[in-house]
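Thanks for coming. I will take you through one model today, starting with its overall layout and ending with the ligand. Please have a look at it first.

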Amino acid sequence: MGSYEGASACYLIDANKWHDELEMFCVDTWEGGAEHQSNGVNMRSVEERFVSLACSQAAKGASVTKLKGTSDLALSKLLNEGHASSFDFIYVVGIQALQSGRGYRF
Ligand SMILES: C[S@@+](CC[C@H](N)C(=O)[O-])C[C@H]1O[C@@H](n2cnc3c(N)ncnc32)[C@H](O)[C@@H]1O
């Protein structure tokens, strides 16, 4: 949750010792938070880097699904698709979003 350019997704895929077949769902609006907007971060480039970094990890035996949208809508979609009991681990990066009062909704 809050996948940005995919560094955390890549780390988790590289560190995976838990499953032979790792399935990962990466959620982000790719709109950035206030900290990205005030620093002029080009979120389109960030999203492109996510696609080339994280999605290319499929070669390492990981399935990566990119879900573009807010956390609450992504969660609804996942529940709707039958993933209520699918997750062993959920990683949320949202310090800046929380500080700006625009936290993740679940
Ligand atoms: C600090 S970045 C995360 C860094 C990332 N985990 C990494 O490894 O590089 C925070 C991200 O959260 C996303 N974000 C903020 N609020 C969100 C929300 N409500 N739903 C989904 N993504 C959100 C922003 O677009 C931004 O890309």
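The protein chain has five helices and two strands. By helices I mean DSSP runs of H or I with at least four residues, and by strands runs of E with at least two, both numbered from the N terminus. Read from the N terminus on, the order of the elements is α-β-α-α-β-α-α.

Two notes on how to read this. Residues are numbered from 1 along each chain as its sequence is written. The model is predicted, so local features need a pLDDT of at least 70 and side-chain atom pairs count only at pLDDT 80 or more, while totals for chains, interfaces and linings use all residues.

Confidence next. pLDDT is the predictor's confidence in each residue, from 0 to 100. The protein chain averages 85, and 85% of the residues score at least 70. Confidence is highest in helix H3, residues 43-53, at 94, and lowest in H5, at a mean of 53. Where pLDDT is low, the predicted coordinates should not be read in detail.

Now burial. I call a residue buried if 20 or more other C-beta atoms lie within 10 Å of its own, exposed if 12 or fewer do, and partly exposed in between, with C-beta atoms placed from the backbone. On that count, 21% of the 106 residues of the protein chain are buried.

For contacts, the C-beta atoms of two residues, again placed from the backbone, must lie within 7 Å. Taking contacts between residues at least 6 apart in sequence, 75% join residues at least 24 apart.

Which residues touch the most other members of the largest nonpolar core? They are Ala 9, Cys 26, Val 27, Ala 54 and Val 64, out of 13 residues in that core. H1, S1, S2 and H4 each give two or more residues to this core, and S1 has the largest share, with three residues. A nonpolar core here is a set of buried Ala, Val, Leu, Ile, Met, Phe, Trp, Tyr and Cys residues joined through C-beta atoms within 7 Å. In soluble globular proteins, nonpolar side chains tend to be buried together.

Take Cys 26 as an example. Setting aside neighbours within four places in sequence, Cys 26 is in contact with Ser 3, Ala 9, Ala 54, Val 64, Thr 65, Lys 66 and Leu 67.

Ala 62 is another residue to look at, and it is found in strand S2. Ala 62 counts as buried because 20 other C-beta atoms lie within 10 Å. Its contacts, leaving out neighbours within four places in sequence, are Ile 13, Asn 16, Leu 22, Met 24 and Gln 57. Met 24 is 38 residues away from Ala 62 along the chain, yet their C-alpha atoms are separated by 7.2 Å.

Next, helix H4. Ser 71, Ala 74 and Leu 75 are the buried residues in H4, which spans residues 71-80. Seen down the axis of H4, they fall within an arc of 100°, so they line one face of the helix. That arc is taken over the directions from the helix axis to the C-beta atoms. The buried residues pack against S1 and strand S2, residues 62-68. On the face turned away from the buried side are the exposed residues Asp 72 and Asn 80. After H4 comes Gly 82, with a positive phi near 90°.

The loop between H4 and H5 holds Asp 88 and Ile 90. Asp 88 counts as exposed because it has 9 C-beta neighbours inside 10 Å. Ile 90 is exposed too, with 10 other C-beta atoms within 10 Å. Ile 90 and Met 1 are 89 residues apart in sequence, and 7.7 Å apart in space, C-alpha to C-alpha.

Most residues other than glycine have a negative phi. Tyr 4, though not a glycine, has a positive phi of about 50°. Tyr 4 sits in the segment before H1 and counts as buried, with 21 C-beta neighbours inside 10 Å.

Tyr 4 also brings us to the ligand. Of the 20 residues around the ligand, Gly 2, Tyr 4, Ala 7, Ser 8 and Val 93 come nearest. Being near means that the C-beta atom, placed from the backbone, lies within 6 Å of the molecule. Helix H1 (7-15), strand S1 (22-28) and helix H5 (95-99) each give two or more residues to this shell. How does the shell divide by residue type, and what are the counts? Seven residues are nonpolar, nine polar and four charged. Here Ala, Val, Leu, Ile, Met, Phe, Trp, Tyr, Cys and Pro count as nonpolar, Asp, Glu, Lys and Arg as charged, and the others, Gly among them, as polar.
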